[in-house]
Amino acid sequence: MSFFTAIIGFLAPLMIALSPVLSYGDQALAMHRNKSSAGFSLDIPLIMLIASFLRIFYWPGARYDTSLLVQSVIMVGMQLALLKIALDNRPSPSSKGGESSQPFNGMQANEKGFVESIMNFERPYNFWQWKADKPYWHFLMYFALALCVLQLLFAPIHSFYGFYSEMIGVIGLSVEATLPLPQIVANIQTRACKGFRLSILASWLIGDAMKMIWFFTSASEIPWAFKVCGIFQASCDSLLGLQYFFFETQAGAQLLQSTPFGASITGHHGGQYHQMQPMQENSWEHNDHHNDHQPEYKPSMHAPTRSLTPTRRPAPFSDDDAE
């Protein structure tokens, strides 16, 4: 067991440090080759960049293992490159997989204002869904600059700096741990894992296994926040693995169909579809002959919605400032 632990102790820090490239390099290359970032959520770079910046500024107060700090620095570089590729290859809003495929799309702050938009769980000022590229880089620059200023202000105040450092560490790790949740919810709603690359899932699961062993056997300093958030993220990644097995493999689909839960869901969706068919057929009968050659329309149970009300208030990091 000591030999096995020693091997994990050597490989795990190396894998953790290189995990940003192993996890997201394939995604970046795919978007660059295809000249399209359709289906890729720009919220992924946002979440990972915020979490990584917070983890970097957590290190001076916690002095955790160096490999975790190296991972955060590499993650910042990887996510900046991923964001650049995604922005350069964004599809047009009218194309398939354009703006309508982005999470939270259409949640804009209109004349209701910022506070009411937050209360209604809307994204204020169309945040992180800007049409121009400059607001993305401006926001990241201001965020990193704000962390630098806070570091300089609070570092000399030893009685408060410990609490501040622990706080940003917990926030950063918690933000990173929630990364799989939107994908889990989307998979449950669509009963599929389309667009989620198997290479990313495999790298997450292998990394989680090695990370958990290393966290609880390493002699170096690993704060409790890393362990708690690591356990939560490993649980979410394991659930993603189960979803991929049930939704994307024949054996998993058959096993799911054999359970009462799987059969009831299938029947529910099937009933909804057949109830909609007569309504569609009646509406199609009233179309004129100009629509005879249009492709068949298949309803989507989870089609994204868009707000048609433009934002009328001046917004920080707005597209107008970027022009």
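Is Asp 133 buried, partly exposed or exposed, and what is the relative accessibility behind that label? At 27% relative accessibility, Asp 133 counts as partly exposed, where buried means under 20% relative accessible area, exposed means over 50%, and partly exposed covers what lies in between (1.4 Å probe, protein chains only). The model is a predicted one, in which local features need pLDDT of at least 70 and side-chain atom pairs count only at pLDDT 80 or more, while totals for chains, interfaces and linings use all residues. Residues are numbered from 1 along each chain as its sequence is written, and side-chain values use heavy atoms, with hydrogens and water left out.

The protein contains twelve helices and zero strands, and its pattern along the sequence is accordingly written α-α-α-α-α-α-α-α-α-α-α-α. Helices (H or I, at least four residues) and strands (E, at least two) are taken here as DSSP runs, numbered from the N terminus. Of the 323 residues in the protein, 38% are buried. The protein exposes about 18600 Å², of which carbon and sulfur atoms supply 66%; these accessible areas come from the Shrake-Rupley method with a 1.4 Å probe, and for residues only the protein chains shown count as cover. Among contacts (heavy atoms within 4.5 Å) with a separation of 6 or more, 75% are made by residues 24 or more positions apart.

A nonpolar core is a set of buried Ala, Val, Leu, Ile, Met, Phe, Trp, Tyr and Cys residues joined through side-chain atoms within 4.5 Å. The largest such core has 57 residues, and those with the most contacts inside it are Tyr 24, Leu 68, Trp 128, Trp 214 and Phe 226. Two or more residues each are given to this core by helices H1 (2–34), H2 (43–62), H3 (66–88), H5 (134–154), H6 (158–177), H8 (198–217) and H9 (224–248). The largest share, ten residues, comes from H3.

Helix H3 also holds Gln 71, which counts as buried at 9% relative accessibility. Leaving aside residues up to four places away in sequence, Gln 71 touches Ile 16, Ala 17, Ser 19, Pro 20 and Arg 55. Ala 28, in helix H1, is likewise buried, with 7% relative accessibility.

Side chains of opposite charge can pair when their charged atoms come close. The structure holds four salt bridges, a salt bridge being a side-chain nitrogen of Lys or Arg within 4 Å of a carboxyl oxygen of Asp or Glu. In one of them the side chains of Asp 133 and Arg 90 meet, at 3.0 Å from N to O. Asp 133 lies in the loop between helix H4 (114–119) and H5, and Arg 90 in the loop between H3 and H4, so the pair ties together parts that are 43 residues apart in sequence. Arg 90 is also partly exposed, at 27% relative accessibility. Asp 88 forms another salt bridge, with Lys 84, in which the closest N and O atoms are 2.5 Å apart. Both residues lie in helix H3, four residues apart, about one turn of the helix; Asp 88 is partly exposed, with a relative accessible area of 44%, and Lys 84 is partly exposed as well, with 41%. A salt bridge also joins Asp 208 to Lys 211, with the closest N and O atoms 3.9 Å apart. These two residues lie three residues apart in helix H8, and both are buried.

The UniProt record (unreviewed entry) places the feature "transmembrane region" at residues 6–25, 37–57, 69–87 and 139–161; its positions are given in the numbering used here, feature names are shortened, and annotations may be inferred rather than shown by experiment. In the model, residues 6–25 are 100% helix and 0% strand, with end C-alpha atoms 28 Å apart. Residues 69–87 are also 100% helix and 0% strand, and their end C-alpha atoms lie 27 Å apart.
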